[in-house]
Amino acid sequence: MITLENITKTYGGKTQVHALKGISLTIEDGEIFGIIGKSGAGKSTLVRCINMLEKPTSGKVIIDDKDLMTMSDSQLREERKNIGMIFQHFNLLSSRTVFGNIAFPLELVGASKDVIKKKVADLLELVGLTDRQYNYPAQLSGGQKQRVGIARALASDPKILLCDEATSALDPQTTKSILELLQDINKRMGITIIIITHEMAVVKEICDRVAVIEGGIIKEEGRVVDVFTSPRSQTMKDFVKSVINMALPDGLTKLGVTDQPAPDRDMLVRLRFKGAVTNDPVVATIVRKFDVNVSVLYGNIDYIQDEPFGYLIVVIIGDMETQAKAFQYIKNLPIGSEVLGYVPRNN
Ligand SMILES: Nc1ncnc2c1ncn2[C@@H]1O[C@H](COP(=O)(O)OP(=O)(O)OP(=O)(O)O)[C@@H](O)[C@H]1O
Ligand SMILES: [Mg+2]
């Protein structure tokens with residue numbers, strides 16, 4: 001378990017920069033945890049504080065009950081073997097082959113040739129680069145370079161893998177394959193993965209939980225599926241919007257939506273689902289229980305890993321009182337719901 005307690009980081013110089021202003025987070029073993037934020041939010045600073053590449057100005061970094069802030073340099077060097085890191089621009093050694101890059105951390109700790117050979121062969125196989133081991137970085141694609149980066153990070157058998165914008169330099173297809181590899185590593189080896197990103201699509205694809213950081217402060221954190229269905233902070237809302245469009249489809253705004261009910265108007269409702277509830281026949285139940293018709297205008301069901309989430313925009317057609325009763329019933333269901341307005345009845 002990783003516990004950050006009230007971490008602050010102020011960069012010195014004439015004009016001080018308060019990059020982190022009191023960050024507290026707990027990350028469980030085996031989790032894939034996302035930290036999302038815009039440029040300059042403090043993401044890289046935060047992730048570098050976790051492995052003490054950057055020493056926090058104050059606060060505590062506790063990994064498996066050990067306080068990294070009080071460790072000596074040699075203790076820290078030892079501890080860092082448990083923490084691998086990969087980078088946006090891969091940071092490979094251009095004068096070394098793929099094999100040489102992955103072998104490098106093992107050479108540093110004085111592993112024998114045989115051990116290195118076996119270990120690197122296993123890692124090459126894991127990341128799917130066995131046939132590229134004698135190539136130099138310049139001969140590889142971005143995705144292949146990041147696979148080398150991942151293999152190198154795993155060479156010291158870390159328990160934690162830190163990824164700072166690891167897919168930001170890659171196209172969407174390659175990003176997907178790298179994220180799949182990370183997920184595979186997480187599942188097979190149980191490695192805790194912390195993913196720093198400015199892309200909500202990355203979070204949606206593989207993270208269990210996410211924290212959003214802005215101006216050196218955590219604005220919101222939670223399970224990805226919860227955050228997607230009901231973001232609380234404006235920052236998180238903006239990020240969620242960037243991958244799922246919760247705005248009313250154009251066609252709907254043209255219907256002439258008003259915010260007051262009227263005898264000749266029907267109720268426009270947005271239902272938000274997550275998890276197994278999606279499969280419940282909510283609409284059918286309302287129609288059966290109340291003297292209303294429900295017409296589905298728009299739906300968007302998506303998946304966060306295996307969990308379904310999404311929303312439906314429906315019109316509840318019936319007299320005013322029954323519309324209100326039906327909505328009261330919906331409000332008590334374990335789904336999100338809101339009245340968007342009232343639209344003129346169709347006939
Ligand atoms: N070594 C440094 N010295 C002084 N200020 C720094 C240093 N590193 C970062 N900062 C400042 O700290 C703040 C947070 O920077 P950080 O690199 O952590 O942001 P980030 O979220 O990773 O941004 P990006 O998405 O652009 O990588 C910024 O205002 C930045 O200018
Ligand atoms: Mg950064």
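**View 1. Helix H1 and the shell around ligand 1.** In this predicted model, H1 gives the largest share of the shell around ligand 1, with 3 residues. Helix H1 (43-50) and strand S2 (17-27) each supply at least two residues of that shell; helices (H or I, at least four residues) and strands (E, at least two) are DSSP runs numbered from the N terminus. Among the residues surrounding ligand 1 are Val17, Lys43 and Glu165, where near means a heavy atom within 4 Å. By class, the shell has 4 nonpolar, 5 polar and 3 charged residues, with Gly counted as polar and Tyr as nonpolar.

**View 2. Polar contacts of ligand 1.** Here we look at pairs of N or O atoms within 3.5 Å. Thr45 places a polar side-chain atom 2.6 Å from an oxygen atom of ligand 1, while a backbone N or O atom of Gly42 sits 3.0 Å from an oxygen atom of the ligand. On the nitrogen side, a polar side-chain atom of Tyr11 is 3.4 Å from a ligand nitrogen. Alone, ligand 1 exposes 640 Å², and the protein buries 58% of that (Shrake-Rupley, 1.4 Å probe).

**View 3. The largest pocket.** Its volume is about 690 Å³, the space filled by probe spheres set on the grid points, which are joined across faces, edges and corners. A pocket is an open set of points on a 1 Å grid over the protein atoms alone, where a 1.4 Å probe fits, with protein on both sides within 12 Å along at least five of seven lines; lining residues have an atom within 4 Å of a point. Of the 19 lining residues, Arg80, Ile83, Pro105, Leu108 and Ser156 are closest to the centre.

**Notes.** Residues count from 1 along each chain as its sequence is written, with chains lettered from A and ligands numbered from 1 in written order. Local features need pLDDT of at least 70 and side-chain atom pairs 80 or more, whereas totals for chains, interfaces and linings use all residues; side-chain values use heavy atoms, without hydrogens and water.

Definitions and conventions: Polar contact = N/O pair within 3.5 Å; in protein donor to acceptor, adjacent residues only side chain to side chain.
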